[in-house]
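Good morning, and thank you for coming.

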Amino acid sequence: MTADFPAAGRSSALELRGIDKRFGPVHANRAVSFVVRAGSVHGLIGENGAGKSTAMNIVYGFHRADAGEILVNGRPVQIHSSQDAIAAGIGMVHQHFMLVENFTVLENIILGVEGGALLAKGLHRARNELAQLGRDYGLEVPLDAMMEDLPVGIQQRVEILKALYRGADILILDEPTAVLTPREVDQFFLVLRRLRDGGKTMLLVTHKLREIMAITDRVTVMRQGAVAAEVETATTSPRELAEKMVGRAVLLKVDKSPARPGDVLLSMRNIEVRDQHGVVRLKNTSFDLRAGEIVGVAGVAGNGQSELLEVLSGMRQPASGKILFGGSDLVADRLDPHERRKRGLAHVPEDRLRVGVVAGFSAQANLILGYQDRADFNRGIFLDDRSIAADCEQKMADYDVRPRVPALRMSAFSGGNQQKLVIAREVDCDPKVLLVGQPTRGVDIGAIEFIHQRLVALRDAGKGLLLVSAELDEILGLADRILVMAGGEIVGELSREEATEEKIGLLMAGVKGAGA
Amino acid sequence: MNTTSKELPRWADLLLLPLLGLIAALLISAGVIALLGESPWQAMKLLVDGAFGSQESIGYSLFYATNFIFTGLAVAVAFHAGLFNIGAEGQAYIGGLGAGLVCLWFGNWPFWAILPLAILAAAGFGAAWAFLPGWLQAKRGSHVVITTIMFNFIASSLMTYLLVNVLINPGQQSPETREFAATSWMPLANEMLAKIGINFAPTPWNLAFVFAVIASVLVWLFLWRTRWGYALRVAGQNPTAALYAGISPSGMTMLAMVLSGALAGGLGLNELMGSQHRILIDFPGGAGFVGIAVALMGRNHPVGIFLSAVLFGALYQGGSQLTFDLPHINRDMVVVIQGLVILFCGALENMFRRPLTALLGRRAERGSVES
Amino acid sequence: METYTLIVLLLAATIRVATPLLLAALGGMFSERAGVIDLGLEGKMLGAAFAAAAVSAVTGSAWLGLGAGMATSIALSLLLGLACVTYRGNQVVAAMAVNIMVSGLAPTLALAWFNLGGQTPQLDAVGQRFTEITWPWTKAAHAMPFPGLLYSELLSGHNGIVYLAAIAVPSAAWLLYRTRFGLRLRAVGENPQAVDTAGISVNLLRYRAMIISGALCGIAGTYLSVAASSGFVRDMTAGKGYLALAALIFGKWRPYPTLAACLLFAFTDALAVRLQGVSIPVIGVVPVQFILALPYILTVLLLAGFVGRARAPTAIGVAYSKEK
């Protein structure tokens, strides 16, 4: 797969030398240096928060480095804005596309390089040039279509064309496959190879090992803001890269005994979810969750996992199907999240800050979110502040939350402490089933272990846990049974014993029945 | 990420910022006054004297303040639900109609029977007028700012129509109703004080002031001491979190607007039952907009609203005093100050917040970690 | 023939009422398409109306008045820009602040400078106002009612600003849809980040849009005090800025539909004046207040999706910051 390009590797297209950047107390980049050779696909890999995005934002002029320099084609360049980056021949395809939804493809591409104060001439020239570019690299797009009407894969092509049209020789691609279907990923790789054959240089930023192995020539690994390794892709293995990324033995070991699954607590039957545009997000999904087990849901982000959690927790109504829990059908009875909580269905949401807390409220006010009606939090028609504060203090002690100040604003706590508070809140009401999304995202190492232990303890206490995580390690470490999602459906189920990274990977890529 | 956790200490947020905003507004106003060839110092002295210099002026200041407490609370309650209610003016107008109708229709009843009816009608009419924009926002996605503005104009047309064609006192030129029966008048403060042996100059300051204070306490209790108020504030600060907690954001939108309109309606108790004793064209006189300034300066907290309402009441009373002594300045100057307060306490707040946070923020952060 | 004359006169009145609405609405179109809510139309118009009348009264030149009106309105736009763009303050609050401040400041300054109880002096000297431009042969045309009356009353006999407003619509459409500036402006109201990553300054674009809005509101305000009437009076705009905003929404933020909305709203206004106390067969006397409230009612219905759907620029009301 790692086709060698003969001319690759001679000269450097892009070089970072000693890039250093701090955001307040966070040291996001520590003397980052690496070389991207001309005409190659270079991988930049690392965990979330390893400093990849910061480095790329510096290269693209979004942030300014505190120290260090950037060289393009061997010459130092000053990049203070995205305009400087464009002028230096650097183009960027952002993870969240920078497109204007109700503009045509053509208008989107020429935005910023209109070629004169009047549009007519520029549009005409762009049309011709883009037709040529499309032929050269297999990047045909309907130029007069409205952006919002196009599928994501085509939108991404527009992003690439935008960069090429601006004369980019170096393309930075930030997590480009996160939103693509497996088929689209294949096409995307095809485009990358053609671009490389055409002499372009690509820097692929990702946290997915499989992509690095499949497409890159050389790879730089980042860890905790610094470069941990730089190797030829052909000479390395996924295991080696993974070790370099996390800096310790790969598989996260969680101490736990084998599961002893009990009765079925929750059953989902033929649930279908559509978004506001009528697009199916979750199709015909069914599964059971038993007492005393952790069911992990693996999959590329955006393949229906979020919708699964939302529909179970009651934040979203399904188009059809049943959810049986506690002797009733949650869908038919139209129970809202609050009612579901009362019946023992708690939820730690994927996006803590956006969904799970009110950042401007105190910790103690956040600890009654969703439970504000509970008798012990109220006295008559009034909230009982004293008992709320006492309860908060108790949970802070149990979960080792620091600082232990119930009146402190939620936003003043670190990510790990916020997450502990959310988990404390959701676990404390003694739920039968706990839905957990990305429990350790943006959480420091120490807190991760603590949170994992808590989740296992819950399982051992006979609760059912549904764990959605983008981290395969986390799934493999915690889950007793693994569901794999792709394209909005469950494409496979594996027991922990039979599950391997390869099997899950195949299923995630949409190869049905690979695990069986 | 962590740079955002640097926050202004609470006392600075609640006291220093509004105070700086007020000072900036007053300084610029002083500049304008100087530009007009008058002495800002003398104007300020006249203003303070006109507002608090005698029992009459204090009474008038508190009379105006009563209106502003009601409209300020109205703006604040909506604000806590994440809504900007620019329609307090129209809601007060329609709410006043409710109170007025009760006074006109049940004028021969005793006061203790009229009062609860009038309060209900004022609140109910105001609430109904605010409910529509609230419902349109919640269910149809129409921006509440625009609809409340439109509803101000619709209210104005409706009231003009009613006063010109329906409610007008027959045989009278100006579009206003007949005078309410004296039994429906709000007892004046000086009358009530006289009963307990305190002599106070006769002013329009009346019992409605007490209701405004009670409303402030109720708003505080509701927003910060009950689960429903909690739910409303959650919906205002983070609608997604509200959804997650099983709180209906659209339900809270409607609830907040209804409460907001009901509070705005309270203005009718003070202005109509307390002073005018008839319904007349444009009796809110811009108090709904003053409410925006009052709420912003009062940090949307009842205590702050009470204080800034008194401040604005004083400005209004003191402002009319200016007219007599300074030929070049009149009450319009107070409107300028009002606009500047909204500007500096609201829109340009970051102008003070950023440097202040840089100055005081770090210390606060360290303090919070230590504690 | 009587009815025909009446209709022509009604339409002529419509044009006169529509002019300031249209200019302000087009101004609002630029700032709102750039992503800034323009509730400040009212205050900018009022400020311009005062400044124009004051300068014209003192200098005797309507043109200098126009210059002052535009300068004032642009200055207010810049103040809004400072609050909403630079300091990322709440756009609605900022606009309300400006509207309220101007509604106090204009009569205060008028009182201090002219001592006429908050008005400016009557502008009745030659050159102090923009007067009607009579086109050639109107007398002759008048004699031949159809189509002569259309020529003499509807086309001829307006002041220069009316014709300027008429030209402003295609000009605005051209600027918005056919130029680089327009493309960027529309983009910044939809997805400012896309504009930023394309290497274009979001804030500068928004400032430029707001300056255009200020200039157009300045002309609109000048029209009120120096063309349509002869001098500034207290609260002269009387909600026309908000009505212009309603027309902009009703026109779905597009130039020609906005023109249509302005004409519709102006027509209801002209009609209300005509129908004062007139009994119409079948319907009876229509309350004038109802006709006057019609534009607001229609706008609410539109916003509620009961008549069509208005899609506001996506990024409207949100200050842009790189960090997020």
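This is a predicted model: local features need pLDDT of at least 70, side-chain atom pairs count only at pLDDT 80 or more; totals for chains, interfaces and linings use all residues.

**Strands, chains and packed helices**

D20(A) has A67(A), in strand 4 of chain A, as its bridge partner.

Let us turn to chain C. Its secondary structure consists of 13 helices and four strands. Along the principal axes, the C-alpha atoms of chain C occupy a box of roughly 65 × 50 × 40 Å. How does its radius of gyration stand against that of a compact globule with 324 residues? The expectation for such a globule is near 20 Å, and chain C has 20 Å, so the two agree.

Two packed helices are described by the angle between their axes and the distance between the axes. For helix 3, residues 62-86, and helix 4, residues 91-114, of chain C, the axes come within 9 Å and cross at roughly 145 degrees. The crossing of these two helices of chain C is right-handed. On the side of helix 3 of chain C, the contact is made by L76(C), L79(C), L80(C), A83(C) and C84(C), which meet Q91(C), A94(C), A95(C), V98(C) and V102(C) of helix 4 of chain C. By class, this contact of helix 3 with helix 4 of chain C comprises nine nonpolar residues, one polar and no charged.

Helix 4 of chain C also packs against another chain. Its partner there is helix 15 of chain B, at an angle of about 160 degrees and with the axes 7 Å apart. An angle over 145 degrees counts as roughly antiparallel, and helix 15 of chain B and helix 4 of chain C are therefore roughly antiparallel to each other. Their crossing is left-handed. Among the residues that meet here are V336(B), L340(B) and L343(B) from helix 15 of chain B, and A97(C), M101(C) and G104(C) from helix 4 of chain C. The contact of helix 15 of chain B with helix 4 of chain C holds 16 nonpolar residues, six polar and one charged.

How many residues does each chain bring to the contact between chain B and chain C? Chain B brings 40 and chain C brings 37. Helix 6 of chain B gives the most to the side of chain B that touches chain C, namely twelve residues. That side of chain B is made up of 25 nonpolar, twelve polar and three charged residues.

Finally, chain C also touches chain A. Here 15 residues of chain C are in contact with 21 residues of chain A. On the chain C side, the elements giving two or more residues are helix 8, residues 180-190, and helix 9, residues 192-197. Helix 8 of chain C gives the most, with five residues. The side of chain C that touches chain A divides into five nonpolar, five polar and five charged residues.

How values were computed. Residues are numbered from 1 along each chain as its sequence is written. Chains are lettered from A and ligands numbered from 1 in the order in which they are written. Two residues are in contact if their C-beta atoms, placed from the backbone, lie within 7 Å. Ala, Val, Leu, Ile, Met, Phe, Trp, Tyr, Cys and Pro count as nonpolar, Asp, Glu, Lys and Arg as charged, and the others, Gly among them, as polar. Axes are lines fitted to C-alpha atoms, for helices over the stretch in contact, and angles run from 0 to 180 degrees between N-to-C directions. A crossing is left-handed if the near helix is turned anticlockwise from the far one by less than a right angle, and right-handed if clockwise. Angles under 35 degrees count as roughly parallel, over 145 as roughly antiparallel, 65 to 115 as roughly perpendicular and the rest as oblique. Two strands pair if DSSP finds at least two bridges between them. The radius of gyration is taken over C-alpha atoms; the globule rule is 2.2 Å times the number of residues to the power 0.38.
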